[in-house]
Amino acid sequence: MPTLYIRDISASAYRKLKLRARRHRRALTQEAATILEKALEEPEKETDIWAEMDAIKESIYTRLGSLGDSAPLIREDREIGLKNLRFNRFDSKGPTRLIPTC
């Protein structure tokens, strides 16, 4: 039978494993092997994150309709932001910087 060594396990994980083994009346190594076997028996969920994102996007479009182009809104926000800034030039110490006038 193959052997598996686990190094650098945290003290809290070791303590929990030891308590769990005691509750199930098993040796520490038997409990660890049982946990691994159970975890590996379950089929892995292979979720396609992009499919999930597409489904979410579709549900938003269904509820709200087309969201349109956001470029005009971004441009408007930038123009408002630039009106609230003043320009200061520094000589050879650095480039032009924007400083809030608030």
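Helix H3 covers residues 49–64, a run of 16 residues. From its first C-alpha to its last, H3 reaches 22 Å. This is close to the 22 Å expected at 1.5 Å a residue. Glycine 65 follows H3 and has a positive phi, near 80 degrees. The model is a predicted one, and these values are computed from it.

H1 takes in residues 11–23, which makes 13 residues. The end C-alpha atoms of H1 lie 18 Å apart. At 1.5 Å a residue H1 should span 18 Å, so the two values agree. Arginine 25 follows H1, and the phi of arginine 25 is positive, near 55 degrees.

The packing of H1 was examined next. Two packed helices are described by the angle between their axes and by the distance between those axes. H1 packs with helix H2, residues 28–41, at an angle of about 95 degrees. The axes of H1 and H2 are 9 Å apart. H1 is therefore roughly perpendicular to H2, because angles of 65 to 115 degrees fall in that class. On the H1 side, the contact is made by Tyr14, Leu17, Lys18, Arg20 and Ala21. On the H2 side, Leu28, Glu31, Ala32 and Ile35 take part. By class, 6 residues of this contact are nonpolar and 3 are charged. No polar residue is present in the contact of H1 with H2.

The largest pocket holds about 510 Å³ of space. Its lining is made up of 16 residues. Closest to the centre of the pocket are Leu4, Ile6, Thr29, Ala32 and Ala33. The elements that give two or more residues to this lining are H1 and H2. H2 supplies the largest share, with 6 residues. The lining has 13 nonpolar residues, 2 polar residues and 1 charged residue.

Conventions: Residues are numbered from 1 along each chain as its sequence is written. This is a predicted model: local features need pLDDT of at least 70, side-chain atom pairs count only at pLDDT 80 or more; totals for chains, interfaces and linings use all residues. Side-chain values use heavy atoms; hydrogens and water are left out. Helices (H or I, at least four residues) and strands (E, at least two) are DSSP runs, numbered from the N terminus. The expected span of a helix is 1.5 Å times one less than its number of residues. Axes are lines fitted to C-alpha atoms, for helices over the stretch in contact, and angles run from 0 to 180 degrees between N-to-C directions. Angles under 35 degrees count as roughly parallel, over 145 as roughly antiparallel, 65 to 115 as roughly perpendicular and the rest as oblique. Contact means heavy atoms within 4.5 Å. Ala, Val, Leu, Ile, Met, Phe, Trp, Tyr, Cys and Pro count as nonpolar, Asp, Glu, Lys and Arg as charged, and the others, Gly among them, as polar. On a 1 Å grid over the protein atoms alone, a cavity is a set of points where a 1.4 Å probe fits but cannot get out, and a pocket is an open set with protein on both sides within 12 Å along at least five of seven lines; lining residues have an atom within 4 Å of a point. Grid points are joined across faces, edges and corners, and a volume is the space filled by probe spheres set on the points.
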